[in-house]
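Here is a briefing on one protein model. It covers confidence, cavities and salt bridges.

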Amino acid sequence: MTITETRPEEARPAPSAGPATAAPPEGWFATADHKRLGLLYLAASLLFLLVGAMVGMVLRAELLSEGTQVVGNDYSRLFSMHVTVATFLFLAPAWVGVATYVVPLQIGSGRLALPRLHAFAFWLFVLGGALLITSYVVGPPAGLGLVSSLPTPAPKGGADTATSLMIASLALVAVSALVAAADLAVTVLKLRTPGLTLRRLPMFSWAMLTSSLITLLATPVFLAGLVLFYLDQRFGGTFFASANVGARSIWRHTLWLYGRPDVYLLVLPGLGAACDIVSTHARRPLLGLPAARVAIAAFAFLSLGAWAAGSGVGDALVLPTYSPLTALVVLPVGALVLVWLGTMAAGRPHVHPSLLFVAGFVLLAAFGALNAAIAAAAKVNGTAWATGHLHVVAFGAPTLLLLGAVTHWAPKMLGRELSAAPARVACLGVFGGFFLMGLGSYLLGYDDAPARVKDFGFSSDASTFSTLSALGAVVLLLGLAAFLAETVRAARSSGPPAPADPYEGLTLEWATSSPPPPHSFDSVPEVRSAHPLLDLRLAEAQPAPGPGGEQ
Amino acid sequence: MSGAPLALTTGGVDRPRKVMTLGMALVVSSGTMLFGTLIAAYLRMRTAGGVWPPEGIVYDEYLGNMMVLTMLLSVLTMEWACHAHGRGLRNQAATALGVTLGLGLAFLNLLSYTAGLVEFDAASHPYGLVVTALCMLLGIAVGVGVGLVTLTLFRVAGRQLAFGTDHARTTAWYWYFTVGASVAVWYTVVVLK
């Protein structure tokens, strides 16, 4: 049998790319360009992160020792604000931002399927975020918001402005997430360049596709809960009254933060990004690529198991858990870690800072899993242990992946690579910060210190653990500041731009210049496998065919 | 055998893109989850104990049946519009869309009339809240559908919609979703109670 190896022909013009002389896109406010929208998403979510982090610092100061009075009676309000802002306004939209920038490049389309709709989603997110913060400024919204597994009953005569505003703003953010998810899913499913079948899709795009599909299924459930919550609060109903047992389960599975799949979707895009980071810097295709693809899809599917979770699951987002379905999500993550290790061992890795962020993720997740195993033997329900676990597993680990993704794709997003030394320092700071915060809270939990309470009987040990947590918060903030400073420096640097493919990349985003032109691609290479740029390099390394045409 | 790539069949060449249709399919799946959740909440509360629906709740079933029949009738006119548009019959398509629009507005009128007749509100009891939520969202969904049909009607009548594009079919998919939601809400509230 003769196998004909065909050298990829000259680059074919991108199907949807504009002419090289295309006019630059509109200004930042009216833009529908995926690159600008991606950067806007990232900037807005980082701004909201700063708000959430500053509130977190104030809370940490309040918890520093017995009798410290920083926020007075506003502790519950600030606690709810800190959790809500960090969950809804930072990680999820930041991943949408990275995807908005990177996915159209990875699939060789260079544009979004519904760009105006995507721009609408972004501005809706900004409006919703601003209103959410405003709701906490104008007055404390009722209860602990969505942090508590118990419903918030409506006051007689209807809710105040703050509560109504909080619910309405969350609805806006949810609708924005739905619109963005729909556009990203349609973009991946319909605008892939010829040859890029779903089985050849880069892992980050694959993760965003699965994440978008789950978002489209899970977010309407949250929206329905918000509608019930709003009507109950607005008209002073009895639906979520404490005596109403049926409504408690409705609250838990529609509104409660940890009874919905969304909490797992904060990490799903990161797993895909980590796959791309590892394979790019190991300079070889991912070992067991189909297995990794299945693992990501399985993680997405299993995240729906959160709907089966009991009220105790907030204390155990990974093993041990109160629901076998939620416990199963650790299996695909474990499989992916094995795939990454195997790829690194088989490849020719160079230690890029983005790899350090991935390593930080693995270590932090392992730290969380270890403590979850310890907690199985200790009674930690309702203690500060849950706070530590949330910071380590639900926020810390995905944040490391997010920063790793930004570091990895910085040549495209910013036009320049981040300098290795500051990026490593930032990685160490963010990892160390989350680690210390988690450690302090875990130890507080083992010491029976209650969660979400500002004053409790501080033992001398508890005071030390609290100080450890506060120190972690400071280190984290310094790490984030170092990362932001390095990002701004790279973006504003007047030095030469990064080369189109600084890492010997495998996927299509490295086939265009850094940063990409307004039309994203001058030409798109032909795709015949999951790693088209590697194919191109291998084909170029082949000797030219002889005069007889023998190959 | 060298490590160079084999020539594999490529996917996606000359594939009709139908971006709008797929986008609408995703929106419809989200909408299904939204109404599914509210109906599940209704059923959960129904089985949670107590008298359901609360005593004193009287429905004019005639109005409920008329509403759902109105929406079911609009399926025929919407399909007629898509069929005519696909065959390049602009006048027929515009007429069918106009009739669909009229049926949609009639439904909204009936819904608001019925809402004015019932003697409970969202604050009365859990039943009142969940029924209010269902009817409010249904009204919003049909209202959006009316907007989409109006837009499509103007584009068809103004010769702005090329024949063979998926815009009319996309509008139809959304309309069928609102019809499905109306039937589901009617079955839950009026038939099942």
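Over which residues of chain A does pLDDT stay under 50? Residues 1-23 of chain A do so, and the model has 40 contacts for them beyond four places in sequence. Here pLDDT is the predictor's confidence in each residue, from 0 to 100, and a contact means heavy atoms within 4.5 Å.

This is a predicted model: local features need pLDDT of at least 70, side-chain atom pairs count only at pLDDT 80 or more, and totals for chains, interfaces and linings use all residues. Residues are numbered from 1 along each chain as its sequence is written, chains are lettered from A and ligands numbered from 1 in the order written, and side-chain values use heavy atoms, with hydrogens and water left out.

**Confidence**
- Chain A averages a pLDDT of 85, and 88% of the residues score at least 70.
- Helix α10 (residues 324-327) of chain A has the lowest confidence, at a mean of 72, while α8(A) has the highest, at 96.
- Helices are DSSP runs (H or I, at least four residues), numbered from the N terminus.

**Largest cavity**
- The whole structure holds two cavities of 30 Å³ or more.
- A cavity is a set of points on a 1 Å grid over the protein atoms alone where a 1.4 Å probe fits but cannot get out; lining residues have an atom within 4 Å of a point.
- A volume is the space filled by probe spheres set on the points, which are joined across faces, edges and corners.
- The largest cavity has a volume of about 450 Å³.
- Its lining has 28 residues; Ala92(A), Pro93(A), Ala177(A), Thr215(A) and Asp262(A) lie nearest the centre.
- α4(A) supplies the largest share of this lining, seven residues.
- By class, the lining has 20 nonpolar, six polar and two charged residues.
- Nonpolar covers Ala, Val, Leu, Ile, Met, Phe, Trp, Tyr, Cys and Pro; charged covers Asp, Glu, Lys and Arg; the others, Gly among them, are polar.

**Second largest cavity**
- About 110 Å³ of space lies in the second largest cavity.
- α8(A) gives the most to its lining, with three residues.

**Salt bridges**
- Eight salt bridges are found over all chains, each a side-chain nitrogen of Lys or Arg within 4 Å of a carboxyl oxygen of Asp or Glu.
- Asp33(A) pairs with Lys35(A), the closest N and O atoms being 3.1 Å apart.
- Both Asp33(A) and Lys35(A) are buried (under 20% relative accessible area; exposed is over 50%, partly exposed in between; 1.4 Å probe, protein chains only).
- Glu504(A) forms a salt bridge with Arg348(A), at 3.9 Å between the closest N and O atoms.
- That pair links distant parts of the chain, 156 residues apart.

Conventions. On a 1 Å grid over the protein atoms alone, a cavity is a set of points where a 1.4 Å probe fits but cannot get out, and a pocket is an open set with protein on both sides within 12 Å along at least five of seven lines; lining residues have an atom within 4 Å of a point. Helices (H or I, at least four residues) and strands (E, at least two) are DSSP runs, numbered from the N terminus.
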